[in-house]
Structures are given as structure tokens and as C-alpha cells.
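I opened this notebook to record what I looked up in one structure, entry by entry. Each entry covers one topic.

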Amino acid sequence: MPKAAEQASDSCHTCASLKRFPKSLVEQSSEDPPDLVGISYVADVLKRNRQLIMVVRETVTSYTSTCFIKDEKLAFKRPSVVVRVDPAPGFRPLCDDSYLKKLNISIEIGRVRNQNKNPVADKAIAGLEDELLREERDDSPLSENTLVIATTRHNSRLRQRGLSSRELWTQRSQFTHEQLPISDMNLIREQHEARNKNYGFSEISKCSRPGRPIPDISIGDLVYLYTDRSKTQSRDRYLVVARDGEWCFIKKISVNQLRASSYKVKLSECYKVLNTISVHRNPRYSQNEYNKESDCDDYDEDSLPGPICDLPPARAEPPPILICENIDDVENLDEPTGQPDNSLERDLTHSKSSNEQDNKRVLRKRSELKTPARFKDFIAF
């Protein structure tokens with residue numbers, strides 16, 4: 001019984017969308033480093049005290065630029081150079097913006113289903129918020145001078161390499177303004193190697209359990225994502241439409257509608273519901289008849305199944321009903337006689353003749369009635 005309940009639970013889509021999984025090891029990776037300094041940027045918007053701050057950071061030197069914007073509309077959010085942004089509604093139209101195309105600026109949208117889709121921008125916003133807390137401890141709106149001072153201090157702090165973002169960007173000392181012997185290619189290579197070396201320790205520190213196994217997913221399977229579960233909402237159902245190595249492309253199923261947008265996710269980030277429904281076949285049919293496919297309804301008589309033999313016995317006819325007028329006839333029913341019993345026919349003939357006589361008598365009485373001449377001739381009931 002427990003095995004059957006577990007099997008039914010594993011094949012239930014509602015149970016799969018609400019199932020809770022323990023934390024497991026998540027493999028970390030990064031993209032290829034840029035070829036030069038100053039061609040790769042990230043951008044995001046910081047919302048603080050009903051104000052919007054545009055934050056742009058160079059990915060190699062971490063040099064950050066900030067400015068106030070009025071709203072999140074397209075006309076007020078055209079950064080100088082951006083490579084990766086969040087899939088926010090305000091950033092999506094930038095991919096097809098004619099103004100940015102004239103400047104040869106390409107926009108890259110981070111993966112929607114990836115929680116760590118824009119880590120460099122997130123870290124830049126976290127560092128800027130720390131500087132703002134050191135500068136302004138109250139919740140009053142920021143001024144232009146306050147934002148400039150906080151951004152300058154953020155760029156002047158020393159990084160892991162012993163140099164600040166300002167020194168890496170300008171290649172000059174921020175104290176003596178002397179030129180620093182910095183090679184861009186060595187800087188990019190060292191940064192990429194340090195990130196790859198730290199991934200293993202970062203994975204173990206977040207979770208010591210092993211990673212989830214890669215499921216056997218093919219095109220057309222219904223899958224769920226581990227990270228879609230929340231406290232107030234179950235997981236959404238997705239349909240696998242394509243596969244590319246360790247990646248797959250899925251589309252969301254909303255009620256009975258398949259959405260047009262497709263998402264790129266890793267195979268280890270999703271799981272599918274096991275199909276344990278077995279097909280019960282009729283034992284009277286052979287295996288060849290099930291495997292045979294035909295588009296017409298014409299079959300040979302030999303190929304059709306034979307009649308069912310286990311039929312109930314034929315229903316016997318009820319015995320005739322005898323109507324006796326005298327009690328003496330009832331006593332003599334069990335006595336065998338040589339003549340055929342025609343009592344039922346006589347009773348039916350007698351009842352038919354009596355009914356005809358009654359009908360004639362009723363018609364004769366109605367014909368004898370006359371129209372009353374006075375009111376007293378009417379009979380009141």
C-alpha cells in the first residue's frame with residue numbers, strides 16, 4: 001500500500017507542483033571574459049526613498065557610474081554602453097532601440113529563470129547602498145551632491161588586487177596621479193581565473209549536499225522548475241520544445257494555453273513527473289491486432305473477436321394466468337385431464353362481449369336524454 005501511494009503521488013501533477021525539495025549543491029559558472037577593458041558593462045536601477053538611480057558598472061575594473069532618472073520609461077534610460085541587463089519591463093524595449101543601434105550598442109537580457117541573472121549589477125547596487133547608508137543615515141531623499149560623493153567613495157575603495165576601481169579604470173594612482181603599469185589582458189585573465197577557482201568553495205559553503213541528478217528529458221515532456229516554488233503559489237508547468245546539450249528550452253503552460261515566450265534553463269534545474277499509467281488491453285485481442293494501424297473501418301470477419309460465450313441463460317416465458325369463476329374449478333386445477341384447457345380463451349371472450357354490451361347501454365341512455373325546458377329540470381350536484 002505505501003508503494004502504491006508513493007507511485008500515485010509521483011505521477012500526480014498537483015503533488016509535483018507543491019513538492020518541497022531539500023537544498024542541494026548548485027553548480028556555478030560564468031561566461032567568457034571580455035577581450036578589452038571598457039567594452040563590457042552591466043546596468044540596473046536602484047529604487048530608494050521613492051527615487052530611481054541608474055547604476056552602470058564596467059565588468060573588469062568595477063568602475064561605477066550613477067545618475068538620477070525620472071522614471072523607468074525608455075526615453076529616460078538610455079545608458080552609454082550596456083551588455084547585460086535584467087529582464088525588467090523597462091529594459092526589454094532597449095534590445096530594439098534605434099538610438100542604441102546607431103551607437104553600435106548591443107543589449108543582452110539575462111536568463112529569466114536564473115536567480116543570479118545579473119550578479120555584477122547586484123553587487124554594485126549592494127556596495128552603493130552601503131555607501132549611501134554611511135553618508136545619509138535618515139530616510140530623506142538624496143540630493144545630487146550626496147549621490148556624487150557616495151559614488152566617488154565607492155570607486156575609491158581598494159579592491160582585492162590592491163587597487164581601486166578608479167585606478168584600474170584610469171591606470172593612474174588616485175593619490176599621485178602617476179601612471180600605473182597595468183596590462184588589460186593580464187587583469188582580465190587573473191580576474192577570470194580567480195572566479196573559476198572560487199566557485200568550488202562557494203558551492204560547498206552554500207550547501208554541502210551533492211547536486212541533483214540530471215533527468216532524462218526529451219522534447220514534449222512536461223517539467224517543473226525547482227526554484228519556482230513559493231509560499232503562496234505552486235510551481236508552473238512547462239513544455240520542453242528543444243534541447244541543446246545540457247540546456248533545454250521550455251514554454252509555460254497557463255491553464256490550457258501555451259505561451260509564446262520560451263526560456264532557456266539547465267537540465268539540472270528542472271524535473272518531470274513520472275508517467276506510471278499502464279494501458280489495460282483486452283485479452284480477447286491479440287498483440288498483432290493492437291499493433292495494426294488502419295485508416296478504414298473495414299475488417300475481415302476472421303479478424304473480429306468471436307461472440308461472448310458467458311451469456312446469462314435465456315429467460316423462460318411466464319406461465320399462463322388462469323381465471324376461475326368458481327371455487328370448485330380451483331380445487332380441480334391439479335387434476336390431469338385429457339382435454340386441452342380453454343378456460344383462458346373463454347374468459348377473454350366473455351370479458352370482451354360484456355364490455356361491448358356496457359358501451360351500447362351507455363350510448364342508449366345518452367340518446368334518451370332531452371334538452372330541459374325549465375331551470376328546475378337541471379340537476380344540481
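**Conventions.** I worked from a predicted model, in which local features need pLDDT of at least 70 and side-chain atom pairs count only at pLDDT 80 or more, whereas totals for chains, interfaces and linings use all residues. Residues are numbered from 1 along each chain as its sequence is written, and side-chain values use heavy atoms, with hydrogens and water left out.

**Whole chain.** I looked up the secondary structure and found ten helices and ten strands. These are DSSP runs numbered from the N terminus, helices being H or I with at least four residues and strands E with at least two. Of the 381 residues, 25% count as buried. The classes are buried under 20% relative accessible area, exposed over 50% and partly exposed in between, with a 1.4 Å probe and protein chains only. I then looked up contacts (heavy atoms within 4.5 Å). Among those between residues at least 6 apart in sequence, 51% join residues at least 24 apart.

**Helix H5.** I checked the length of H5, residues 144–156. Its 13 residues should span 18 Å at 1.5 Å a residue, and the end C-alpha atoms are 18 Å apart, which agrees. The expected span is 1.5 Å times one less than the number of residues. Which residues of H5 are buried? They are Thr146, Leu147, Ala150, Thr151, His154 and Asn155. Seen down the axis of H5, these buried residues fall within an arc of 160°, so they line one face of the helix. The arc is that of the directions from the helix axis to the C-beta atoms. The face turned away from the buried side carries the exposed residues Asn145 and Val148. I also recorded what covers the buried residues of H5: the cover includes S2, S3, helix H4 (119–135) and helix H6 (165–170).

**Ser62.** I located Ser62 in the loop between strand S2 (51–58) and strand S3 (64–69). Is Ser62 buried or exposed? Ser62 counts as buried because its relative accessibility is 15%. Leaving aside neighbours within four places in sequence, I found Ser62 in contact with Arg57, Asn155, Arg159 and Ser165. Asn155 is also one of the buried residues of H5.

**Tyr263.** I placed Tyr263 in strand S9 (residues 257–266). Tyr263 has 17% relative accessibility and therefore counts as buried. Its C-alpha atom is separated by 6.9 Å from that of Val112, 151 residues apart along the chain. Beyond neighbours within four places in sequence, the contacts of Tyr263 are Val112, Arg113, Tyr238, Cys248, Phe249, Ile250 and Lys252.

**Salt bridges.** A search of the whole structure gave me seven salt bridges. The criterion is a side-chain nitrogen of Lys or Arg within 4 Å of a carboxyl oxygen of Asp or Glu.

I noted Arg111 with Glu269, the closest N and O atoms being 3.8 Å apart. Arg111 lies in the loop between strand S5 (108–109) and H4, and Glu269 in the loop between S9 and strand S10 (270–272), so the pair ties together parts 158 residues apart in sequence. Arg111 is partly exposed at 22% relative accessible area, and Glu269 is partly exposed at 23%.

Lys272 pairs with Asp221, with closest N and O atoms 3.6 Å apart. Lys272 is in strand S10 and Asp221 in the loop between H7 and strand S6 (222–225), so this pair ties together parts 51 residues apart in sequence. Lys272 is partly exposed at 30%, whereas Asp221 is buried at 17%.

Asp236 pairs with Lys252, the closest N and O atoms being 3.4 Å apart. Asp236 lies in the loop between S6 and strand S7 (237–244) and Lys252 in strand S8 (residues 247–254), so the pair ties together parts 16 residues apart in sequence. Both Asp236 and Lys252 are buried. I also recorded one network, in which salt bridges that share partners join Glu131, Arg134 and Arg157.
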